[in-house]
Amino acid sequence: MKVLCIYPGMNPVYNDNFHALRYLREQGVELEVLAGSVSGLKSSESARPFEVANGIPIHRRWSSREELNALRGRSLQDAEEIGDALRPDVIWCSLIDNRGLGRHLARRYDVPWIQLTESLFDAQMLMGRRMRWWRRLRLEAGARRLRRELLDRSDLIVHSNPGEIERASRLEGRARVAYVPWCSEVPDALLDEKIERRNVAIHIGSLFHFKNAQRLPFMVERLRAAGVVDRIEIVGSGTYQPAIEKLVEQHPESLDHTVSLTRSDSIRRLRSARFAFTPTRIGGWGLFGDCWAAQTPVLSLHDPYVLRHGIDAYCIGPREDPGEAARRLCGDPLLYESIQRGGLHRYRRDHAASVVGAHYLRLLRETVGR
């Protein structure tokens, strides 16, 4: 089976979902990836125009996701040239930005088109994180139209939000709808490294409004005031980066900010931290999956991922102070160990590459008929 994948960015150094593709390749699926040269997911670093990673050719002839999906001129010619050489059995699109190019190539080769999306019902996630969040009515109307388009034109829609399984199963249209957990693969070699816990709290994630990052300074201040940890580390970039940098300037002895890390370094930081924390309302799933694999409990201001308080996360109550929550978590060894065990179980059961990849392989075979 030959699969032509379209991603906004694909850099194996940063992108956790690459490991699910690696699993598919190990099962004999032939894949090629079209992607922008900038990852745009975990980092802003550019990658080489072409590389073969774990037997998967990754083409990055395009400077950005916008250029990749331009559907005209040299941008389109390059995509067609790669597709013509592969002659794919199916087109695989990650995220909504790629649907125009995916539909074009599916028609060109007369093959099925599979569309992946994190969510089908959260308008911000479905329409794109750069959409203006405050134009809520327009955002919701656009999401309804886009959902209808995907149902009527694609062959399979794959979403990754466990909170939408039942609701998504009731959607009707040409396309089938399937849930597959988000891939958060962490290599065993990283998990086997001997790393000592530091008395540090850490947040890793984008500093944008759609991640509720405007609440991150509040969490940082409350955790700092609680005095449970010696230092707080924030990793990420975005609109609220200046606010975080200002806090670091005010408290350099207890706060640290890093713009981006490789995936390996992120896992090492998480494994050595006493706990992680996040204010996110939507998305941020990679942090949860990595924390579960690293057995590092996470304090969550909201429930974006069907969390189970005391089992795989500490869900901060609506009137609970984050600093007090940190005291309860770190002061109760049984609670701390319960979240460690429960998180690791959820990671192994749902989010390891072999599990996610097996779901993908089944869906590919059902869609292509092989």
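Residues 24 or more positions apart account for 67% of the protein's contacts (heavy atoms within 4.5 Å) with a separation of 6 or more. The model is predicted: local features need pLDDT of at least 70, side-chain atom pairs count only at pLDDT 80 or more, and totals for chains, interfaces and linings use all residues. Residues are numbered from 1 along each chain as its sequence is written, and side-chain values use heavy atoms, without hydrogens and water.

**Overall dimensions**

For 370 residues, a compact globule would have a radius of gyration near 21 Å, and the protein agrees because its value is 21 Å. This radius is taken over C-alpha atoms, and the globule rule is 2.2 Å times the number of residues to the power 0.38.

| Property | Value |
|---|---|
| Box filled by C-alpha atoms, along the principal axes | roughly 60 × 45 × 40 Å |
| Buried residues (under 20% relative accessible area, 1.4 Å probe, protein chains only) | 57% of the 370 residues |

**Helix packing**

The protein has 15 helices and 14 strands, taken as DSSP runs (H or I, at least four residues, for helices; E, at least two, for strands) and numbered from the N terminus. Helix α14 (residues 333-351) packs with helix α15 (residues 353-368) at an angle of about 30°, their axes lying 6 Å apart. The two helices are therefore roughly parallel to each other, a label for angles under 35 degrees. Arg348, Arg349, Asp350 and His351 of α14 make the contact with Ala353, Val355 and Val356 of α15.

Technical notes: Axes fitted to C-alpha atoms, helices over the stretch in contact; angles between N-to-C directions. Parallel < 35°, antiparallel > 145°, perpendicular 65-115°, else oblique. Buried < 20%, exposed > 50% of the residue type's maximum accessible area, 1.4 Å probe, protein only.
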